[in-house]
Amino acid sequence: MAGFLNRFWQGLRGTREQMGQRWRQLIGRSVSAEFWDELEEQLYLADLGPEAVERILERAHRRLQADRPVDEAALMGLLEEEMMRLLPEDDPDPWALSPERPNVWLVLGVNGAGKTTSVGKLAAGFRAHHRRVLIGAADTFRAAANEQLAVWARRSGAELVQQAPGADPAAVAFDAVVAGRGRGADLVLIDTAGRLHTKTPLMQELGKIVRVVGRECPGAPHRTLLVVDATTGQNGVVQARQFAEAAGADGIILTKLDGTAKGGVVLAIQQQLGIPVRWIGLGERAEDLLPFSRADFVGAVLGREPWTGGESQEGGPTRPGRGSAR
Amino acid sequence: MFESLTERLQQAFSPLRKKGRLSENDVRAALRDVRMALLEADVNFRVVRKFVAEVEPEAIGSEVLESLTPAQAVIRVVRDHLVLLLGGEAPIHLSSEPPTVILLVGLQGAGKTTAAAKLARWFHRQGRHPLLVAADIYRPAAVEQLRQLGEQAGVPVFFEADRRPEELFRLALGRARQLAADIVIVDTAGRLHVDEELMGELERIVAVHKPDEALLVVDAMTGQDAVTVAESFSSRLALSGLVMTKLDGDARGGAALSIRQVTGLPIKMVGVSEKLDGLEPFQPDRMAGRILGMGDVLGLIERAEASMDASVGSDLGARLNRNEFTLDDYLTALRQVKKMGPLSQLMDLIPGMGGQMKKLKGQVDDHALVRVEAVLSSMTLRERRRPQIIDGSRRRRIARGSGTTVQDVNRVLKSYEDMRKLARQMRGGKRGQRMPPGMPGLPPDFLPPPR
């Protein structure tokens, strides 16, 4: 477990150091116009976008007026609290599957967001939790997508269903679900081709995959995860809206948080569309996928250590961030 | 989603217009809208601040205050300044001693491998002989991806197993000489700018041979972090420009302005489609309009040109003129329009989508096109060529075949008749009747004056 946390902190280090430095400069000043300017800048630089920033500033303003924080900790606490309120509670058991067998999860997103890598990591994670996993390679468009997924399947010990490049993705998804049932898989992960949400025919293709999978296996897909790159700006909201409309995206995998980007757009997505983040990606290795923790996310956006419980970074008792979840 | 800046400024100014002259404060308020538009477009917060401070003096100048169309005047000032900051078109520099070496670097998923293949294709079409080098030895199947893309582009791809990227690069230069390749395009692994080890690898690559162009590949959807990324990369190696990818989406691409401002790097090429031919030289005026959310008329025209088969188009025009336009031609035309993309999306490219046009947008129904196509497809070839034979019984059959009603079939036939009538009028009618009356809702000067 200690290794797990280590990786998490290493992953978030870039984000934290950079923001923390700027943030600490703010503390200790009176709550002046200058303070608000700088807070606004912090939030914008984290990609929260105009709507979310305005909302947080307004709430923070009200709270600061009422509570008059006296020191750094109190001020941080207030802001953190207000931001936490904008996010739903963490999933208490992210590795749980719903009772149907197989569970079918569909993974979608724009090109280059990290879908295939995320599918590979999910497969590895569920394999580590002793689940039987089957991957359906429904990205039949991108050159060498099959090969990339085959590597991941081999690494994680998941089974793989694929067809020749150019095959109908819905047919691959169908095959995967049938094979998953036949072979007694607990989880069928379907990787789809990256597509820009503006390409209507490609978005309709997603709808078809959802229909085909649902017909073969009632209730499927049980989860439809949209992969969002943390460096994405406000276009992320548009993406989420379109993918939710076309395929009912109901959760987000926020990838590439190991850089300096904060992925603040997910807060805007949560606010405007109510789609929560489920997982975060912190690197390219199989273990670099973790359940989302809102406390850690808020901490990273504000550039502070994500919790104050006095636990050391390496020796946290459970999953990162659980300690301060309210 | 967001209203366009044009629309917002028009709204902001319209009550003021009634009371007469604008004040400086009115314009300052308008600049707040400009600021929000830029932030929504993901222009870096600090770049926005600087930008607004710079345009303010000009925006509150007398030209704007005394203009009859202050909204347009403000936009022109903002837009011109934006175009200026985005810089001119910047061609890729070709070495006087071939081969020209182009190195592509960037974050994971920015689109380096695709951009490399597109660049190769671009040069290949100009009669040059590029060699692609697969130096991404980390991502599973990245080499295989480039190999397949190279094959599609008709360009050789160099790779040897068990070599470090810098070794691969050295060997590739030798291979380029053997093949008499005049351009070497190196696809590197995606890397995070905070990854010491991989950034060091880039330094080792450029130590082998200094590339003529070191291009940072940036996703158009990138947010505020674009500046940090560009600064980190350019602190480690001498970048010469940017390639912006995925502009075929609807991201406003504010990162282009941010990076240009902070690093001074010119934007050289832009990726505009998934296809291998989808790479174009950068055009600052179009990018400016896009960042401001003002639509992209040129983009619209080009999209039409790209999807329309020119010979089909002129053929249709000729038939229309000779009044030989049949339902078969109608179907062809319809399919051409459909290829351009959904209508509602096409309308987004039109600038000044204000007032009445906006309402119109809500009514545009792409399904209507699908129905029309179904009706036409359910007709026999003979019926399409000689519509006059379509009687009641045939109408019922067509409706059944297309899953529509006889009313739908009638509507299609009616619109076809209207089209023929219009064609007749345009051919024989008076000059004044040639064009439909001016489109409502468009400001009179929504396009900038020709430069």
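How many bridges join strand β5 of chain A to strand β6 of chain A, and how do the two strands run? The legends below start from that pair; the model is predicted.

**Figure 1. Strands β5 and β6 of chain A.** Five bridges connect β5 (residues 223–229) to β6 (residues 251–255) in chain A, and the two strands run parallel. One residue pair to pick out is Val227(A), whose bridge partner in β6(A) is Ile253(A).

**Figure 2. Strands β6 and β7 of chain A.** On to β7, β6(A) is joined by three bridges, again with the strands running parallel. Ile252(A) has Val277(A) as its bridge partner in β7(A). Strand β7 of chain A covers residues 277–281, and four of its five residues are buried, leaving the strand mostly covered.

**Figure 3. The eight-stranded sheet of chain A.** The strands are arranged in the order β3-β2-β4-β1-β5-β6-β7-β8 in an open sheet with mixed pairing. The edges are taken by β3 (159–161) and β8 (289–291) of chain A; each has a single partner strand, so one side of each lacks a neighbour in the sheet. With direction ignored, neighbouring strands of this sheet are turned against each other by 25° on average. Chain A as a whole has 11 helices and eight strands. Of the 326 residues in chain A, 52% are buried. Among contacts in chain A between residues at least 6 apart in sequence, 76% join residues at least 24 apart.

**Figure 4. Surroundings of Gly136 in chain A.** Gly136(A) sits in strand β2 of chain A. Gly136(A) has 33 other C-beta atoms within 10 Å and is therefore buried, the cut-off being 20 or more. Neighbours within four places in sequence left aside, the contacts of Gly136(A) include Val161(A), Val172(A), Ala173(A), Asp175(A) and Ala176(A). Val188(A), Leu189(A), Ile190(A) and Asp191(A) are also in contact with Gly136(A).

**Figure 5. Helix α11 of chain A.** Is this helix enclosed or exposed? Nine of the nine residues of α11 (residues 294–302) in chain A are buried, so the helix is largely enclosed by the rest of the structure. Among the buried residues are the charged side chains Arg294(A) and Asp296(A), together with Ala295(A), Phe297(A), Val298(A) and Gly299(A). Ala300(A), Val301(A) and Leu302(A) of α11(A) are buried as well. Just after α11(A) comes Gly303(A), with a positive phi of about 75°.

**Figure 6. Helices α6 and α7 of chain B.** The axes of α6 (residues 112–125) and α7 in chain B come within 9 Å and cross at roughly 20°. The two helices, α6(B) and α7(B), are therefore roughly parallel to each other, and their crossing is right-handed. From α6(B), the residues involved are Thr113(B), Ala116(B), Ala117(B), Ala120(B), Arg121(B) and His124(B). They meet Ala142(B), Gln145(B), Leu146(B), Leu149(B), Gly150(B) and Ala153(B) in α7(B). By class, the contact of α6(B) with α7(B) holds seven nonpolar, four polar and one charged residues.

**Figure 7. Helices α8 and α9 of chain B.** Helix α8 (residues 165–179) packs against helix α9 (residues 196–208) in chain B at an angle of about 20°, with the axes 8 Å apart. This angle makes α8(B) roughly parallel to α9(B). The crossing of α8(B) past α9(B) is right-handed. Pro165(B), Glu166(B), Phe169(B) and Arg170(B) of α8(B) make the contact with Glu201(B), Arg204(B), Ile205(B) and Val208(B) of α9(B). By class, these are four nonpolar and four charged residues, with no polar ones.

**Figure 8. Chain B against chain A.** In this interface, 35 residues of chain B are in contact with 34 residues of chain A. On the side of chain B that touches chain A, the elements giving two or more residues are α2 (24–40) and α7 (142–153) of chain B. Helix α7(B) provides the largest share of that side, four residues. The residues on this side of chain B divide into 14 nonpolar, 13 polar and eight charged.

Notes: Residues numbered from 1 in each chain as written. Chains lettered and ligands numbered in written order. Predicted model: local features only at pLDDT ≥ 70, side-chain atom pairs only at ≥ 80, totals over all residues. Pairing = 2+ DSSP bridges. Axes fitted to C-alpha atoms, helices over the stretch in contact; angles between N-to-C directions. Parallel < 35°, antiparallel > 145°, perpendicular 65-115°, else oblique. Left-handed = near helix turned anticlockwise from the far one by under 90°. Contact = placed C-beta atoms within 7 Å. Buried ≥ 20, exposed ≤ 12 C-beta atoms within 10 Å, placed from the backbone.
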